[in-house]
Every structure is written in C-alpha cells, then in structure tokens.
Amino acid sequence: MDSKEFRRRGTEMVEYICNYLETLEQRRVTPCVEPGYLKHQLPDEAPEEPEPWEKIMQDVEDKIMPGVTHWQHPRFHAYFPSGNSFPSILGDMLSDGIGCIGFSWAASPACTELETIVLDWLGKAIGLPDSFLALKPGSRGGGVIQTSASECVLVTMLAARAQAIKYLKQQHPFVEEGHLLSKLMAYCSKEAHSCVEKAAMISFVKLRILEPDEKCCLRADTLIKAMEEDEQQGLIPFFVSTTLGTTGSCAFDDLAEIGEALQRFPSVWLHVDAAYAGNAFICPELKYLLKGIQYADSFNTNPNKWLLTNFDCSTLWVRDRIRLTSALVVDPLYLQHGYTDSAIDYRHWGVPLSRRFRSLKLWFVLRSYGISGLQAYIRHHIELAKRFEALVLKDSRFEVCNEVRLGLVCFRLKGTDRINEKLLSSINASGKLHMVPASVNDTYVIRFCAVAQNAKVEDIDYAWDVITDFASEILEKEQADEVSEIVDRRKTHTLAQKRSFFVRMVSDPKIYNPAINKAQTPHRMSTELTSPGHDGTVVKVQSPKTPGSATWISWPLAFLFASADDGTKNDVTLRFRHLDTMMRLSASRRNSATGGSSPSPEAENGITLLKSPKKSPILMRKRGSSPNPPPTAVGANNGSAK
C-alpha cells in the first residue's frame with residue numbers, strides 16, 4: 001500500500017468508523033457467539049499471497065463485528081466508560097504515523113517533554129499538590145503515562161518495596177534481603193481492585209485485605225489495628241493502597257483519616273487509586289472527594305475511562321520520582337545519552353522499556369474540549385446516573401445499594417440474590433442491555449453506569465423500561481412458582497391430614513363420626529357362635545353382654561350391627577374372604593317397655609358356625625332358618641367386610 005492508496009483507504013476507514021459510531025445502536029450490544037466461533041471462519045494459516053483490501057474489510061463486517069462487544073453502544077452500561085472521541089482517535093492516528101519509541105529524552109525529545117507538560121496540566125486541573133508536578137520549582141515529583149491502573153499500582157508497590165528493603169538493610173546489614181522481603185506486609189480494602197493482589201503476587205510480598213465499614217469505606221482504625229498486630233508478629237508494614245471510587249460500588253476510602261493516622265509510620269508508602277473517580281475531580285464541586293491527598297505518596301487515574309481519551313492512557317503522579325525510579329533503573333550503555341542528568345527518561349518510570357507517543361492524544365483531547373468541556377461531559381453523566389437512581393427509588397420493588405456520587409448506580413430487586421442473578425442474566429441474554437454484577441456488603445447487586453459519550457436521557461429511560469419489563473416477567477413467574485409450590489405443599493398436607501383423620505375416626509368414632517352418636521349405637525351386643533360338638537351336634541355359644549360398653553372390631557362394622565331408629569332390622573350379609581367364612585347379621589329389636597329380653601333368633605344377633613364341605617368353618621343361618629346360603633356381600637378382590 002503506497003501513500004496514494006493509503007489516502008483512499010484512510011478516507012474509507014474514517015467513513016467506516018463514522019458510520020459504525022453513528023449506527024451503533026442498531027447493533028446488538030453484546031455478541032451472540034460461543035468460544036471458538038472465529039476459528040471456524042478463518043483459515044488455519046496466513047495467506048501466501050496478498051489479498052484485496054475490499055475482501056479484508058468485508059471480513060471485518062462479516063466475521064469480526066459479530067464477535068465484538070460494543071463498549072461505545074448507548075445500551076452498554078457495564079464496568080466503567082471506555083473513553084473515546086474523534087480528537088483522541090486522530091491523536092492516536094498521528095502517534096501511530098510518527099511511530100517513535102519514547103523510552104528516553106534522546107529517543108524522542110518531544111515525546112518526553114509533551115508527556116511531562118500534559119501531566120502537569122491534568123494534575124493541576126484535578127487539584128493535586130504542587131509536590132506532584134514536575135515543572136514546579138523545587139518539586140521532586142512528576143507524572144507519567146502508564147498502560148493501565150494495574151501497572152500504576154505495581155510500579156508504586158515495587159518502589160515501596162525497594163525503599164523498605166533499603167531502610168531495613170541499613171538497620172540489619174547482615175540479614176539477607178530475601179529474609180527481609182518475607183517480612184514485608186501490604187494492605188488494602190476488600191473493595192480494592194484485584195490488581196493490588198496481583199501486584200503483591202508479582203512483588204513477592206504479603207498482602208492483608210481489610211474489611212471496610214458498612215459504606216464500603218476503609219477506616220483508619222481498622223488499618224492501624226491490623227498494622228500494629230502485624231508488627232507484634234514481627235512483620236513490617238510498607239505499603240497501603242487506598243481507593244477513591246471502588247470498582248464495585250464507587251465507594252471512597254477515608255483518605256484524610258488514613259493519611260493522618262499513617263504519620264506514625266513514616267516509612268509506609270500511601271498510594272491512592274482513583275482510576276475512574278479521579279477524572280471527576282476536575283469539577284470544583286467534586287474536589288472535596290480528594291480530601292487528604294496531601295498525605296499520599298502516589299496517585300493514579302485513567303483518562304481512558306472518563307476523559308474521552310482512547311485506551312491506553314493511565315496517568316500516575318508521584319511525590320518523589322527518585323524513590324520511584326531507583327527501584328526500576330537499568331542503565332546499559334546503549335541507552336545512555338548526554339542529557340541524563342537534566343532530562344527525564346521515562347524508561348525508568350515503569351516496567352516496559354518501549355513507550356508509545358501517548359501524550360499526543362491526551363493533548364488533543366485537552367485542547368479540543370478544554371477543561372470546561374470535559375467538566376460538562378462529566379456532569380452530564382452524573383445527571384444521567386441521578387435520573388436512573390430516581391427511577392429506581394420510585395419503584396418499590398427495587399432498592400439502591402450505594403451512595404450515588406458519580407456516574408455509577410448499584411441497584412437490585414428486593415428479594416434473594418438468586419432472583420437478581422436471574423434478572424441480570426435474562427437482560428444480558430436478550431442483547432438489549434449489558435450490565436455486570438458486583439458484591440456490596442456481601443450482597444449481589446447490579447451495576448448501572450452511564451458510559452456512552454453521547455448518552456441521552458432517552459437511553460436511561462429505555463434502559464429502565466427494559467429492566468422493569470424483565471423484572472415484572474420474572475416476578476410473575478416467581479409468584480406463579482411460589483403459588484404452585486404452596487398448592488403442592490397443601491395437597492401433600494391435606495392427604496396426610498386425611499390419612500390421619502381416618503385413623504383417628506376409626507379409633508374413636510364418637511368424636512369423628514357424629515352419625516354414630518346420632519344412630520345411638522347399642523351398648524349391649526351379644527353374638528352366638530356355633531361349633532361342632534363331640535357327637536356331631538352343633539353347640540351354640542353366646543358371648544357375654546356388658547351393659548354400657550360396646551363390642552366391635554371397628555366402628556363401621558359396629559354400625560352395621562346397630563338397629564335403626566325406626567326399629568327396622570339391618571339385615572346384611574357379610575363375607576370375610578381371608579377367613580373363608582360367610583356371616584349373616586340380623587339386628588336386635590329394642591326391649592319392650594315392660595321387661596327385659598332374652599337372647600333369641602328374633603331378639604339378638606345370632607351367628608351360626610357350621611362345617612363347610614371343605615372341612616373349614618362356615619358361618620350360616622341359625623337352626624330353623626332357611627338352608628339356602630345368603631348371597632355374598634363382599635367383592636372377590638376386596639379383603640375387608642362390608
């Protein structure tokens with residue numbers, strides 16, 4: 001590609017980028033693909049021959065874009081803003097066109113000096129003390145652009161470690177540095193970014209993670225107590241990382257309180273991580289959040305989050321640059337130059353040697369928008385967040401879970417973590433919005449952040465409509481499931497109650513079957529059992545009568561023995577199949593008014609037992625009755641009497 005074609009293709013690329021950003025809301029926010037989707041669409045090897053530009057750009061649209069998460073989308077509300085603006089893009093384009101590697105002043109003087117100047121500009125706008133500015137007379141501090149906040153935390157921890165080892169080596173000159181290293185302890189809040197833990201792993205130092213208060217704020221008493229306990233155990237506190245604007249809920253550690261308390265530990269390095277919130281301090285009304293910065297040894301923020309500057313651009317300031325560079329200086333002959341003593345070499349300020357001309361894009365942004373334009377941009381995002389907070393508070397089904405100071409709102413449905421997980425999963429799966437969760441006070445919350453450069457009120461209202469629609473659907477389903485669960489539980493309980501009622505009813509019929517009491521079940525009942533005698537005759541045996549008591553197996557059988565109120569007989573034939581017997585029952589007549597009664601076929605129930613042809617006992621009618629057996633009153637498959 002020569003310069004002539006580059007002009008043409010460059011124009012086309014600018015047009016493509018403009019169309020992409022202007023029509024972004026027509027695309028799905030997050031891709032609907034699975035891991036490995038691209039492997040099946042691209043060749044296994046790079047092409048042997050050059051391919052036409054048109055084919056490459058067509059593959060961008062057909063194969064690359066379907067797998068892109070669109071961070072600039074107006075429906076993207078996850079994480080924090082990803083800075084983007086046309087001046088920044090053009091500044092990056094120019095930096096790429098120049099293509100210098102600014103590891104030292106001599107490698108590209110403009111690259112080094114512009115970075116120093118731009119970071120002094122931004123540091124003043126944020127409100128950093130003069131000791132953090134490189135060009136202030138008598139200052140030993142200065143700023144540098146790193147790739148990310150993670151790198152800022154790492155290099156400051158490495159500097160603090162080197163300072164601590166040097167100090168301990170002076171006190172214990174004969175102790176191995178490895179032993180001294182094993183004693184070093186760093187501190188941070190549970191709400192601090194995970195990069196602090198990673199930095200401790202890389203630095204081979206211990207890290208103690210402390211519990212914040214109910215507002216997710218690290219307090220001085222918690223920190224000092226932990227440090228004193230560790231000192232009693234022979235450990236050496238050397239580094240504290242505080243956070244202004246935590247990732248989870250945009251909470252603020254009490255920097256002023258912590259900084260004042262750390263004056264008792266002069267050798268401890270105090271770092272302030274304000275990756276997101278630090279950008280907002282350019283607004284005068286928000287500078288109160290920076291209270292206590294005078295105690296800090298280093299401070300970082302990310303213009304590539306909330307100052308319309310493209311990644312990567314993370315700014316770091318230190319109070320004493322010598323303490324920083326002494327931990328990272330490596331000075332081979334081929335990197336030395338004649339102005340080492342009078343110029344800054346940024347290769348000593350970070351991990352990598354090679355550095356891009358990143359100050360160009362930040363310079364373009366600061367000049368194109370001005371501080372006032374950037375303030376208006378930040379204030380607009382805060383207003384949008386406040387609008388979303390108001391919408392949440394109006395709906396009694398939801399609650400806000402953080403103090404909304406900047407552009408982040410943490411909210412949740414009132415209820416279990418499970419229902420909130422289901423809500424967020426459903427919303428993200430739809431592709432209509434994209435948000436991410438966090439844990440605030442060990443509670444699952446959903447983070448909503450205004451991120452798009454040109455975000456509007458309509459975008460916030462749309463997002464809330466989507467959230468409430470999904471919430472209503474999920475709550476209705478939850479209620480239906482709960483009702484179904486209650487019904488099932490009641491069915492099970494009712495069945496168990498019926499079974500229990502039947503057992504009690506059988507055991508105590510007078511209580512559980514009023515019909516028995518109404519029927520006036522007779523208290524006197526006698527039965528006549530007949531059995532064959534020694535001479536082959538039938539012997540009749542009458543059971544004793546016990547006045548005032550009933551004799552029955554169970555109340556249903558006793559009810560059959562009872563006489564009806566009108567004096568009619570209950571002439572019922574029964575068969576006990578498991579006994580291979582048949583029985584004929586006849587109800588007794590009520591006693592006459594003038595006297596008692598004696599057992600007789602007409603007066604009392606009589607049961608006659610005869611031998612069956614099969615030598616088994618058979619219950620038949622009493623002597624003198626018809627010899628024909630009565631019909632069976634029990635089905636063949638039923639083992640109970642009726």
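Select cysteine 152 and cysteine 195. The sulfur of cysteine 152 is 8.8 Å from that of cysteine 195, the closest cysteine sulfur, which is too far for a bond. A disulfide is a covalent bond between the sulfur atoms of two cysteines; here the term is applied to a pair of cysteine sulfur atoms within 2.5 Å. The structure holds zero disulfides. Cysteine 152 is buried, at 0% relative accessibility, and cysteine 283 is also buried, at 0%. Buried means under 20% relative accessible area, exposed over 50%, and partly exposed in between (1.4 Å probe, protein chains only).

This is a predicted model, in which local features need pLDDT of at least 70, side-chain atom pairs count only at pLDDT 80 or more, and totals for chains, interfaces and linings use all residues. Residues are numbered from 1 along each chain as its sequence is written, and side-chain values use heavy atoms, with hydrogens and water left out.

Next, select Ile126, Leu262, Phe281, Ile282, Phe299, Ile378 and Leu406. These have the most contacts inside the largest nonpolar core, which has 75 residues. Such a core is a set of buried Ala, Val, Leu, Ile, Met, Phe, Trp, Tyr and Cys residues joined through side-chain atoms within 4.5 Å. Helix 12 (residues 359-394) gives the largest share of this core, eight residues. Helices (H or I, at least four residues) and strands (E, at least two) are DSSP runs, numbered from the N terminus. Another core, of 32 residues, lies apart from the largest one; Leu158, Cys188, Val196 and Trp269 are among its members.

Stay on isoleucine 282 and show its contacts (heavy atoms within 4.5 Å). Not counting residues up to four places away in sequence, isoleucine 282 touches Leu122, Ala125, Ile126, Lys287, Leu307, Ile371, Leu374, Gln375 and Ile378.

Now turn to the backbone. Most residues other than glycine have a negative phi, and most peptide bonds are trans. Select phenylalanine 311 and aspartate 312: the peptide bond from the former to the latter is cis, with omega near 5°. Aspartate 312 sits in the loop between helix 10 (303-306) and strand 7 (314-318).

Move to cysteine 250, in the loop between strand 4 (236-243) and helix 9 (255-261). Although not a glycine, cysteine 250 has a positive phi of about 55°; this residue is buried, at 4% relative accessibility.

Finish at aspartate 442, in the loop between strand 10 (436-440) and strand 11 (443-449). Its phi is positive too, near 60°, but aspartate 442 is exposed, at 60% relative accessibility.
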